[in-house]
Amino acid sequence: SREYFTVAILAQAESRHPYRAHFPIAPESFQLGNMVKYSREATNGSKSCKAMGVDLRVHYKNTYETARAIKGMNLRTAQQYLEDVCEKKRCVPFRKYTGCIGRTPQAKEFKMSQGRWPVKSAKILLGLLKNAESNAEFKNLDTETLTITHIQVSMAQQGRRRTFRAHGRVNAYMNCPCHVEMLLEEKEEAVDKPSEEVKAKKFTKKQLAKRRLKVGGDL
């Protein structure tokens, strides 16, 4: 029950932090549902699907640039692009994190000069796109018209390790994992705007008199 759950957490908090046990935890603070939150919601939830990866063991900077490259693409186009990146046929342009990034002629496709081939990030994003496609099929959406309208890469908590250096020194040796979330929506069909009836212009008596003078000339 919820009361037993609260008592168990209080006992655990008292064992770890004896000074914090004086501040009870309210049962209302535990929300058992809606634990996963996205930074953005779709305008039409019935025509969209989501996918998320948490604490992925892949470099944040490489994944950020790869996700930025596929934003706005069609689902099939993005999958084909990432497969080409894995085979090193096309590169990922580096726009933000450009320090010590080599130049390649493949970046001319994006009007850039620096690019790389982050294979691990591409495979992670391919897996998330496959997950989003499965979610779309479950909701009976057309996977051929899905477009990546939102994709976000956030830094996760770094993994702490240590490396031993000369003269008895110890330095940090940390990795940089990331969280990834994406939102795909069906492309809406263009609807023609209905033609409006042209309303007759209304003129004042003075304007009508001027028009009669222009038509009549010197008369």
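Q: Buried means under 20% relative accessible area, exposed means over 50%, and partly exposed lies in between (1.4 Å probe, protein chains only). Which of these words applies to Thr63, and why?

A: Thr63 has 0% relative accessibility, so this residue counts as buried. The model is predicted: local features need pLDDT of at least 70, side-chain atom pairs count only at pLDDT 80 or more, and totals for chains, interfaces and linings use all residues. Residues are numbered from 1 along each chain as its sequence is written, and side-chain values use heavy atoms, with hydrogens and water left out.

Q: How many helices and strands does the chain contain, and what makes a stretch count as one?

A: Helices are DSSP runs of H or I with at least four residues, and strands are runs of E with at least two, numbered from the N terminus. The chain holds five helices and seven strands. Read from the N terminus, their order is α-β-α-α-β-β-α-β-β-β-β-α. Of the chain's 219 residues, 28% count as buried.

Q: Where is Thr63 found, and what does the residue contact beyond its neighbours in sequence?

A: Thr63 belongs to helix α2 (residues 60-70). Contact means heavy atoms within 4.5 Å. Apart from neighbours within four places in sequence, Thr63 is in contact with Val58, Ser121, Val153, Cys178 and Val180.

Q: What makes the pair Thr63 and Ser121 a polar contact?

A: A polar contact is a pair of N or O atoms within 3.5 Å; within protein, one must be able to donate a hydrogen and the other to accept it, and residues adjacent in sequence count only if both atoms are side-chain atoms. The side chains of Thr63 and Ser121 make such a contact at 3.1 Å.

Q: Why is α2 described as enclosed by the rest of the structure?

A: Eight of the 11 residues of α2 are buried, so the helix is largely enclosed. These buried residues are Tyr60, Asn62, Thr63, Glu65, Thr66, Ala67, Ala69 and Ile70. Their cover includes α3, β2, α4, β4 (146-155) and β7 (178-186). Just after α2, Gly72 takes a positive phi of about 90 degrees.

Q: Are α3 and α4 roughly parallel or roughly antiparallel, and why?

A: Axes are lines fitted to C-alpha atoms, for helices over the stretch in contact, and angles run from 0 to 180 degrees between N-to-C directions. Angles under 35 degrees count as roughly parallel, over 145 as roughly antiparallel, 65 to 115 as roughly perpendicular and the rest as oblique. Helix α3 (residues 75-86) and helix α4 (residues 119-138) pack at about 155 degrees, with axes 9 Å apart. The two helices are therefore roughly antiparallel. The contact involves Leu75, Arg76, Ala78, Gln79, Leu82, Glu83, Val85 and Cys86 of α3, together with Val119, Ala122, Lys123, Leu125, Leu126, Leu129 and Glu133 of α4.

Q: What kinds of residue form the contact of α3 with α4?

A: Ala, Val, Leu, Ile, Met, Phe, Trp, Tyr, Cys and Pro count as nonpolar, Asp, Glu, Lys and Arg as charged, and the others, Gly among them, as polar. By that division, the contact of α3 with α4 has 10 nonpolar residues, one polar and four charged.

Q: What makes α2 oblique to α3?

A: α2 and α3 pack at about 140 degrees, with their axes 10 Å apart. That angle makes α2 oblique to α3. The residues in contact are Thr66, Ala69 and Ile70 of α2 and Ala78, Tyr81 and Leu82 of α3. They divide into five nonpolar, one polar and no charged.

Q: Is Gln106 buried, exposed or partly exposed, and how do you know?

A: Gln106 has a relative accessibility of 25%, so this residue counts as partly exposed. Gln106 lies in the loop between β2 (92-93) and β3 (115-116). A polar contact of 2.9 Å joins its side chain to that of Trp117.

Q: Are Lys88 and Lys111 buried or exposed, and why?

A: Lys88 counts as exposed because its relative accessibility is 53%, and Lys111 is exposed at 79%. Lys88 is in the loop between α3 and β2, with a positive phi near 65 degrees. Lys111 is in the loop between β2 and β3, and its phi is positive, about 60 degrees, although the residue is not a glycine.
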